[in-house]
Amino acid sequence: MTADAVPPASARSAPGRLLAVLAAFDHAHPALSLTDISRRAGLALSTTHRLVGALTRWGALERDESGVYHVGLRLWELAALAPRGLGLRQVALPYLEDLYEATHQNVALAVRDGTEVVYIEWIAGRSSVGVRIRVGARWPLHATGVGLALLAHGAPDFQDAYAAAPLAAFTAHTLTDPVRLRRALAEVRRTGVAVSDRQVTDDALSVAAPVRDGDGKVTAAVSVVVPHDNAQVPVLIPAVRLAGRGMSRALGWRPGAPA
């Protein structure tokens, strides 16, 4: 929620007000004063004070010596219980590390949440291309390699609805034409990998592969992000595909099993 956004009607209910307080925090605003929380949540200061106090006592928020609030460890403990969170990261980490050692480039693991991709693990290369990605970051599905890999294996009606909606552009190379997007998704399904070239920044290219669970469903995607200028895509594809298959096997998937 932006600072000037009008809170939704649900924010007037007790659970909605609590969620509005938590939603005031994001990557751009990880530390907030009580006044900031009140303004960003669209709540009266007295109401915010009461809710923040309750959340702090429970551990969802923490207050530092300067009086500024941060997200508390109690929420991290709960998030670790998510099957697509810490558990998936623990299974995937050895394969992410192998992919990093093979490329020494940025390596990522992501899942789909609605129409967005959420990065749940990220290993940054020491001298690799700078990217606007970190753990917890969200991007539209069509703009990233991991997003394309996940969208390509989504339900057909979901793909239709996504392609029919406005497609945000971040560079001149972002896929904003529904016809081109559908062709790209068909290519992902044909080859088993997604290549996203300069869609988020003009200097980065990513190669991604799907990760399947024991039922054959695509539940995540793994990628490597490299500089566009010297990207060796034919070399990267087997490495990324191998990482995706390794994670899938670790999750119980077996080649030849019905998806």
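R198 is located in the loop between β7 (194-197) and β8 (204-212), where helices (H or I, at least four residues) and strands (E, at least two) are DSSP runs numbered from the N terminus. The model is a predicted one, in which local features need pLDDT of at least 70 and side-chain atom pairs count only at pLDDT 80 or more, whereas totals for chains, interfaces and linings use all residues. Residues are numbered from 1 along each chain as its sequence is written, and side-chain values use heavy atoms, with hydrogens and water left out.

The phi angle of R198 is near 55 degrees, a positive value in a residue other than glycine. Most residues other than glycine have a negative phi. R198 also takes part in a salt bridge with D197, in which the closest N and O atoms are 3.1 Å apart; a salt bridge is defined here as a side-chain nitrogen of Lys or Arg within 4 Å of a carboxyl oxygen of Asp or Glu. D197 has a relative accessibility of 26% and counts as partly exposed. In this scheme, buried means under 20% relative accessible area, exposed means over 50%, and partly exposed lies in between (1.4 Å probe, protein chains only). A positive phi, of about 55 degrees, is also found at H104, which is not a glycine. H104 is placed in the loop between α5 (86-103) and β4 (106-113) and is partly exposed, with a relative accessible area of 44%.

Eight salt bridges were found in a search of the whole structure. Side chains of opposite charge can pair when their charged atoms come close. One of these bridges links D26 to R40, with 3.0 Å between the closest N and O atoms. D26 belongs to the loop between α1 (14-23) and β1 (31-32), and R40 to helix α2 (residues 34-41), so the pair ties together parts that are 14 residues apart in sequence.

Through salt bridges that share partners, D113, E116 and R138 are joined into one network.

R241, R245, R249 and R254 form a positive surface patch. Patches are made of residues with over 30% relative accessible area and no salt bridge, with like charges joined within 9 Å and nonpolar side chains (Val, Leu, Ile, Met, Phe, Trp, Tyr) within 5 Å. Lys and Arg count as positive and Asp and Glu as negative, while His and the chain ends are not counted; the place of a charge is taken as NZ of Lys, CZ of Arg, CG of Asp or CD of Glu.

Over the whole protein chain, the secondary structure comprises nine helices and nine strands. Of its 259 residues, 44% count as buried. Among contacts (heavy atoms within 4.5 Å) between residues at least 6 apart in sequence, 54% join residues at least 24 apart. The chain exposes about 13300 Å², of which carbon and sulfur atoms supply 56%; accessible areas come from the Shrake-Rupley method with a 1.4 Å probe, and for residues only the protein chains shown count as cover.
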